[in-house]
Amino acid sequence: MTPTPARRLSEVAKKVGVSEATVSRVLNNRPGVAESTREAVLTALDVLGYERPTQLRGERARLIGLVLPELQNPIFPALAEVVGGALAQRGFTPVLCTRTAGGLSESEYVDMLLDQQVSGVVFCGGHYAEAAAPHDHYLRLRSRGIPVILFNAAVEDLGFPGVSTDDEVACEQSYGHLASLGHERIGLVVGPEDHMPSRRRIAAFLAEAERAGRRSGPGARPLSVVVEHAQFSMEGGRAATARALKQGVTAVVCGSDVLALGAIRAVRRSGMDVPRDVSVVGFDDSSFMNCTDPPLTTVRQPIEAMGRAAVAMLLNQVEGGGTAVEELLFEPELVVRGSTGPVRGPDAQAAA
């Protein structure tokens, strides 16, 4: 049922904490209202889902869309908390858009956000990172001049700035840790083949293995890398790791903590132990990874710094400052816990 004008006035007034008369003056574009109050009333209209009056539709709302693929992976709620808090401190309201099975698509969310006159959009884990996915909705945002920030690697030619974890440093850290433990055959479990961050991690890990081989000099045993692709789920990690184990890997580096938990499950189902028989490294350091069995060695993304930088870059565009189309790289940190250990020698394996 369509709400009456009186009900709309009452709900907006209650949301903002002003009188219905003040809301009426804003909706009728009359003078005598402070600018901050006017903006608060317009934002409340958008948040409550009411359509702006025709004469006010050209103005952008102080709303920022935050588009996430899911909330089951703890890294995404953590990012939402950082971004949402930073936006609120600057007087903007975050609008959380989460893709779920049977729910709105990313493109439909973009259309909804455009209808709400959003000031900008932050994307994380979206179709921009998938080479085979549709990208028309990003072009719609760019054609409308809506500021956008992307998290981690994107396909080329979208024309938006972004913030990313430095994959070269992440691979150098995980490779160096496992090599120091004596591992020479390592499985790399990453996302689908068209996933751009996974492509970058594969290239960086193989390059690091090649550099390490050159440093080792002649006569050294070369490290071999087994690459397996998976959907970003625990079951996907389990299946990909099971394939890697059949190829004799003694360690597995994963593209997310969720994949790493699936990897641990695969090792155990094969009758082996983590880390006695196979070491496992994750990526993200999402919450509770120090509470798993064993606690997970993982590459920590600097979510706090990345989230705040993304908001600063976005709002600089919103407020007319402009931002270069560039990618800011943030250095990760390897957090060593109980899921990695020294490789077992042939004698120990035979005894087992």
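What follows is a chat about a predicted model of one chain.

Trainee: Before we start, what kind of model is this, and how are residues numbered?
Mentor: It is a predicted model, where local features need pLDDT of at least 70, side-chain atom pairs count only at pLDDT 80 or more, and totals for chains, interfaces and linings use all residues. Residues are numbered from 1 along each chain as its sequence is written, and side-chain values use heavy atoms, with hydrogens and water left out.

Trainee: How many helices and strands does the chain have?
Mentor: Twelve helices and twelve strands. These are DSSP runs numbered from the N terminus: helices are H or I with at least four residues, strands are E with at least two.

Trainee: What box do the C-alpha atoms fill?
Mentor: Roughly 85 × 35 × 30 Å, taken along the principal axes.

Trainee: And what share of the residues is buried?
Mentor: Buried residues make up 50% of the 352 in the chain. Buried means under 20% relative accessible area, exposed means over 50%, and partly exposed is in between, with a 1.4 Å probe and protein chains only.

Trainee: What share of contacts comes from residues 24 or more positions apart?
Mentor: They account for 71% of the contacts with a separation of 6 or more. Contact means heavy atoms within 4.5 Å.

Trainee: On to the sheet. What is the strand order?
Mentor: It is an open sheet of six strands, ordered 2-1-3-4-5-11, with parallel pairing. Two strands pair if DSSP finds at least two bridges between them.

Trainee: Which strands stand at the edges?
Mentor: Strand 2 (93-98) and strand 11 (327-330). Each has a single partner strand, so one side of each lacks a neighbour in the sheet.

Trainee: How are neighbouring strands turned against each other?
Mentor: By 20° on average, direction ignored. Axes are lines fitted to C-alpha atoms, for helices over the stretch in contact, and angles run from 0 to 180 degrees between N-to-C directions.

Trainee: Take strand 3. How does it pair with strand 1?
Mentor: Strand 1 (residues 63-68) and strand 3 (residues 120-124) pair in the parallel sense over four bridges. I64 stands opposite G120, and V67 stands opposite F123.

Trainee: What about strand 3 and strand 4?
Mentor: Parallel again, over four bridges. V121 has V148 of strand 4 as its bridge partner.

Trainee: Is strand 3 covered or open on its faces?
Mentor: Both faces are covered. G120, V122 and C124 are buried on one side, V121 and F123 on the other.

Trainee: Which strands does helix 4 lie across?
Mentor: Helix 4 (residues 75-89) lies across strand 1, strand 2, strand 3 and strand 4 (148-151). It runs at about 170° to strand 1.

Trainee: How do helix 4 and helix 11 cross?
Mentor: Their axes come within 9 Å and cross at roughly 45°, helix 11 being residues 303-318. The two helices are therefore oblique to each other. Angles under 35 degrees count as roughly parallel, over 145 as roughly antiparallel, 65 to 115 as roughly perpendicular, and the rest as oblique. The crossing is right-handed. A crossing is right-handed if the near helix is turned clockwise from the far one by less than a right angle, and left-handed if anticlockwise.

Trainee: Which residues meet there?
Mentor: I75, A78, L79, V82, V83, A86, L87 and Q89 in helix 4 meet I303, E304, G307, R308, V311 and L315 in helix 11. By class, that is ten nonpolar, two polar and two charged residues. Ala, Val, Leu, Ile, Met, Phe, Trp, Tyr, Cys and Pro count as nonpolar, Asp, Glu, Lys and Arg as charged, and the others, Gly among them, as polar.

Trainee: Switching to helix 5 and helix 6. At what angle do they pack?
Mentor: About 20°, with axes 9 Å apart, for helix 5 (residues 106-115) and helix 6 (residues 136-143). They are therefore roughly parallel. Helix 5 passes helix 6 in a left-handed crossing.

Trainee: Last topic, loops. Is N73 buried or exposed?
Mentor: N73 counts as buried, at 7% relative accessibility. It lies in the loop between strand 1 and helix 4. Leaving aside neighbours within four places in sequence, N73 is in contact with V258, D284 and S286.

Trainee: And V325, buried or exposed?
Mentor: V325 is exposed, with a relative accessible area of 57%. It sits in the loop between helix 11 and strand 11. V325 and G159 are 166 residues apart in sequence and 6.3 Å apart in space, C-alpha to C-alpha.
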